[in-house]
Amino acid sequence: MPTLGIDLGGTNARAAVVDEQGRILASSKVALTERSPAAVVEVIAEAAAAAVTAGGGMRVRGCGVGAAGQIHRDSGVIAVAPNLGWRNVALGALLSERLGQPVRVVNDLAAAAWGELNAGAGRGATDVYVVFVGSGVGSCIIANSQLVRGSGGVAGELGHTKVIPNGRRCGCGELGCLEAYAGGHNLIAQCREVVAAGRSPIMAELTGGDPSLLTPLVLEKAAEAGDPAAREIHERAGRMLGMAIANMVTVLNPARLIIGGGVLMHCPGIRRYVVEGVQALASNTSREGLLIAEAELGDDSGIIGAAMLAL
Ligand SMILES: [Zn+2]
């Protein structure tokens, strides 16, 4: 029987009816106008009902939710969800009561990795390491077909591994995290700094002097055009990502490395640094038989994975 997958973001909730093979049969999206838990539960219920109706009213059994934030392991309690301003919200219990269905809540990245494992680039593999570089840097470890979640449920936080002692301040509050150099949000922040300091004529020209138009792709174009400040930020981010991911490959020895997320999908130059970094720096033995694959499901990986976790 199909299950429901929910992708809970900071601005809207998407719901999909997904079959056992991970195919989306019907979907819907509803904007979040209010961020109180009660209001968000109603929006999710509305999106779920719309998806079921769009699918011709088919029966579904079980619901999985992928939400940005730290989720208490197996309890369905969201410990911290910065984009919703939540602390310790028992979303699983609230939603289960509202929908009359068992509900499982997982981190959005774990949901996306589970989707790629079961219906995307990880099909057929049991030991997979998934890295997403978008606005942040996240990863997920799947060992022996199981999500590795750690004792507190926060395993896989690649973005908060340290790359420079006492380096740039990260959004998490700590210093020198990989994400502070290579996450999309921080790539843009670094571009703004050099443009504001007058050090990047090409990025200033590409954006017509409007800093709100700076993106990782603008950075990549400027770096390729020979802008020294852009090249420095771009190369440093790419090399740091390549080394960090190579080290994870050495530690974990996955059969498949899946890379995705907006920055890696839209910036081939950064992706190249990552692939070359893994090939050059992961230990020879850990690379034997390693397949590097791009994520296949795009924005749907999380909703498909959430639904499949509810199976
Ligand atoms: Zn951090």
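At roughly what angle do the axes of helix α1 and helix α2 cross? In this predicted model, the axes of helix α1 (residues 37-54) and helix α2 (residues 91-99) cross at roughly 50° and come within 10 Å. Let's look at this helix pair, then at a second pair and a zinc site.

**Helices α1 and α2**
- α1 and α2 are therefore oblique to each other.
- The crossing in which α1 passes α2 is right-handed.
- On the α1 side, the contact is made by P37, V41, E42, I44, A45 and A48, and α2 brings L91, L94, L95, R98 and L99.
- Sorted by class, this contact of α1 with α2 has nine nonpolar residues, two charged ones and no polar ones.

**Helices α8 and α10**
- Helix α8 (residues 228-252) and helix α10 (residues 268-281) have axes that come within 7 Å and cross at roughly 40°.
- That angle makes α8 oblique to α10.
- Here α8 passes α10 in a right-handed crossing.
- Residues of α8 in the contact include H234, E235, G238 and R239, while those of α10 include G269, I270, Y273 and V274.
- The contact of α8 with α10 has 10 nonpolar, six polar and two charged residues.

**The zinc site**
- Which protein atoms are donors of the zinc ion? They are ND1 of H160 and the SG atoms of C170, C172 and C177, lying 2.0 to 2.4 Å from the zinc ion.
- The site of the zinc ion is tetrahedral, with angles of 105 to 120° among its four donor atoms.
- Along the sequence, the donor residues of the zinc ion follow the spacing H-x9-C-x1-C-x4-C.

Key: Residues are numbered from 1 along each chain as its sequence is written. This is a predicted model: local features need pLDDT of at least 70, side-chain atom pairs count only at pLDDT 80 or more; totals for chains, interfaces and linings use all residues. Side-chain values use heavy atoms; hydrogens and water are left out. Axes are lines fitted to C-alpha atoms, for helices over the stretch in contact, and angles run from 0 to 180 degrees between N-to-C directions. Helices (H or I, at least four residues) and strands (E, at least two) are DSSP runs, numbered from the N terminus. Angles under 35 degrees count as roughly parallel, over 145 as roughly antiparallel, 65 to 115 as roughly perpendicular and the rest as oblique. A crossing is left-handed if the near helix is turned anticlockwise from the far one by less than a right angle, and right-handed if clockwise. Contact means heavy atoms within 4.5 Å. Ala, Val, Leu, Ile, Met, Phe, Trp, Tyr, Cys and Pro count as nonpolar, Asp, Glu, Lys and Arg as charged, and the others, Gly among them, as polar. Donors are N, O and S atoms within 2.8 Å of the metal (3.2 Å for Na, K and Ca); water is not among the atoms, so sites may look incomplete. Four donors count as tetrahedral if all angles lie between 85 and 135 degrees; four count as square planar and six as octahedral if opposite donors are over 155 degrees apart and all others between 65 and 115; anything else is irregular.
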